[in-house]
Protein chains: 2
Amino acid sequence: MTEQAGSAASATTSTAGTDVVALLRAALGGRVDTSPAALDDARADESGHASAGRPLAVVRAASVADVQATLRIATETRTPVVTRGAGTGLAGGANAGPGEIALSVRDMDRIVEVRPDDLLAVVEPGILNAHLNAALAAAGVWWAPDPASREISTVGGNIATGAGGLLCAKYGVVRDAVLALDVVLADGRLLQLGHRSVKGVTGLDLTALMIGSEGTLGVIVGATLKLRRLVPGTVQTLAATFSDVRAAAAASAAVTASGIQPAIMELMDATSLAAAHRLLSLPVPTPGAAQLTIQTDGPAAHTEAEAIAAVLAGAGGTVVLAADTAEGDHLLAVRRAMHPAMQTLGTTLIEDVSVPRSELAAMFDEIARIEHDYGMVIPTVAHAGDGNLHPNFVFTGPEVPPQVWDAADELFRAALRLGGTLTGEHGIGVLKRRWLADELGEDQWRLQRDIARVFDPLGILNPGKVFAA
Amino acid sequence: MTEQAGSAASATTSTAGTDVVALLRAALGGRVDTSPAALDDARADESGHASAGRPLAVVRAASVADVQATLRIATETRTPVVTRGAGTGLAGGANAGPGEIALSVRDMDRIVEVRPDDLLAVVEPGILNAHLNAALAAAGVWWAPDPASREISTVGGNIATGAGGLLCAKYGVVRDAVLALDVVLADGRLLQLGHRSVKGVTGLDLTALMIGSEGTLGVIVGATLKLRRLVPGTVQTLAATFSDVRAAAAASAAVTASGIQPAIMELMDATSLAAAHRLLSLPVPTPGAAQLTIQTDGPAAHTEAEAIAAVLAGAGGTVVLAADTAEGDHLLAVRRAMHPAMQTLGTTLIEDVSVPRSELAAMFDEIARIEHDYGMVIPTVAHAGDGNLHPNFVFTGPEVPPQVWDAADELFRAALRLGGTLTGEHGIGVLKRRWLADELGEDQWRLQRDIARVFDPLGILNPGKVFAA
């Protein structure tokens, strides 16, 4: 699908695109890529959404100085800049279009410093999540944010979107795992936000403000990450099948209420479970059956897994406790097959509402109601441990049909009614900007936009995203 | 000591103070207190610093509507507003002076909701930290921020200053423990920031921005707190004495490097240890001796305490492992006696620098150098587990002598050189505003001040604090 209104149209546009490219080339030489393949690639992320056309150029920054040079030219020429990492976003936030510079920081992928004694690492933004943790493991430490895309997504993109993942209930969200950020402002100035110490309350917490700001406040060019020590012991995996999704959701709430904190607690509804089984050539599940897949970790992993098994059985589940790591991987493979399984069904709009954990069953009731009212099937998986649901709207063709947006609108309103949010971890981007004020209220929406203008008075940082009405 | 330049002088001042009080009385009746005792009380916090004179009035808000009414009048009349909780701050941030309204939210102290299943509580800002945790314990949960003042300080003040405490290395800082805030803006509008769900990345994270904003952005009138389950097991306490403070600091770094995470790890240097012993009528410690006091908690508390004891002994410490809770309380009582012990020595300026944990010994070297260069004794305690030091400048008389400020200036610069910060948990207030730009840099200082102006265009919220040059 493509954006109907090009994002550049709503921003201050460049007066002469060719001059901008010439200026970029003069300053950055071979780091400026205007090949059709590169320009096309920069139009889209993994949301299925693409900008209305090709951007002016892709700048492949290799250093802070490259980013500063790009932004100085952008400011001089009033040219919008869309910062990109690996392009794995799910809200269209990094899609670059006509009249815009796509600024890739993917090549800035060094680990600058690892300090196990201070439990911190300093990295460049383009490093992949999985590469970082592979390197940290040698020092006995890890960085907890764990998006499902970790093999292909960057740390900088993770911070810029506030992407969470499977481990948030036990190990925290991105906000809890970043100590400091180096940020280049729209005019090219470099700021150092935050500190290397555990504590620090000097002035306003701009580090936290940058997390999840989706490229609207500045370009993250360095990050000081708060690490954890590797968790000792062997991970234990169990899966439980329930007669229906409501029973599975209630069982996950019972696990949370029991006081045992799993590392991972994933829920698949009947449609997604059946699709994953079909993809993996597993036996067809009982019609209507939903599944919880749970992992425990740490020294007490085994006793916690057994206690959780008892809670699940008491809640009506048929429980399988993996005998070893191989069987555990096998159980989790069903959950991991969800996205490829959805792709076999058609084009997918992956939604991302989040509700208080106690409202998970109620949110599934709302999804069932919307399925009924709209005559749709909405396969849904949930990070049940933290109340984050990913309902999948499946359709044919490149454009989201209007009735899918209508159903998504109902979904968002239901999540807000239950005390939840439009987006737990994917962000607003272009896909949810028209609902932003519904959650924030008009006063807060305007306040947030005015704060963004303090950072970016010319409105050249990712215009058309987040705050565009 | 009193402020030389009244904070109101630097702000838009009220045209007619008596009219403001009349307007407040008309709107808020008996909630407006102009008794001399109340006005004098509102001039100071626990920093030893007081404003240049009495404020116009103290408004004792009992509801969100009271706060809104006060701020509407403040905006209409351009009158500065200083929000106060229990007045236990250590940076002068809540001191109200001539021409200002002191807005107390201390009477807004209800617990609105406790949800153990969602691990959250909704509270009003005036509740005392200790009262909150006493009430939460009945539901098997607690709120982790744990300032030393918890018996007398409010949750709202804790959030407004980002006050940390003893447990931050293991259980996180305030930023990690707040999900949502209700905030009244300078013009009286009420905003709801954040969400009740574990995850949520809708728009900019204004909840995090409010934490530690010291009354400059808005008035916190409600908070949704992220709770933890009560930690099972019995706390274990141990103390270790070292020949000098550098050895004690190195031992604390060795504990952190060992990978065992204590709940509490406190360090007392020789002067503070001797003063505490004197106050408690304990035997005089070996000259020069410094002490670490450590607590472990959770199911593995005992084995962790034994492992830590081995690390401390290996680092040259003489270790005492408490046999029971009573002996543990006795060991920790020495640390708790620090502040009263300092008060026996004279007037105290309690500083609050924070450095990366690996730099703790280096920071003590800097303190020794400053003691030598200035011919001073600077008794220092540290939350050694997180690198937060409280050097105490002791002097006679009500005013901080210029040479103490000179020595403090050296202290701040040393902390910044070591990758640390001016203030780990007390805030900037009035006492550190002239060093704020040294840490932030001029560009970030100006950006932060401009963000504050978006919230408060008239500059009536706590003027003269934080961003006043």
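How many salt bridges does the structure hold over all chains? The total is 54, a salt bridge being a side-chain nitrogen of Lys or Arg within 4 Å of a carboxyl oxygen of Asp or Glu. The structure is a predicted model, in which local features need pLDDT of at least 70 and side-chain atom pairs count only at pLDDT 80 or more, whereas totals for chains, interfaces and linings use all residues. Residues are numbered from 1 along each chain as its sequence is written, chains are lettered from A and ligands numbered from 1 in the order in which they are written, and side-chain values use heavy atoms, with hydrogens and water left out.

At the interface, 71 residues of chain B are in contact with 71 residues of chain A, contact meaning heavy atoms within 4.5 Å. Because 100% of the interface residues of chain B are also interface residues in chain A, the copies meet through the same surface. The chains bury about 6000 Å² between them, 58% of it on carbon and sulfur atoms; buried area is the accessible area (1.4 Å probe) that two parts lose on being put together, summed over both. On the side of chain B, the most area is lost by B:Arg175, B:Lys199 and B:Leu204, together 15% of what that side buries.

Ten salt bridges are counted between chain B and chain A. In one of them, the side chains of B:Asp443 and A:Arg189 meet at 3.2 Å, N to O. Another pairs the side chains of B:Arg189 and A:Asp443 at 3.1 Å, N to O. B:Arg189 lies in the loop between β8 (178-184) and β9 of chain B and A:Asp443 in helix α16 (residues 442-455) of chain A, so this pair joins two chains. Helices (H or I, at least four residues) and strands (E, at least two) are DSSP runs, numbered from the N terminus.

Among the elements of chain B that each supply at least two residues to the side touching chain A are β9 (190-194), α8 (245-257) and α16 (442-455). The most comes from α16(B), with eight residues.

For chain A, UniProt lists residues 51-230 as "domain: FAD-binding PCMH-type" in an unreviewed entry; positions are given in the numbering used here, feature names are shortened, and annotations may be inferred rather than shown by experiment. Over this range the chain is 22% helix and 25% strand, with the end C-alpha atoms 41 Å apart.
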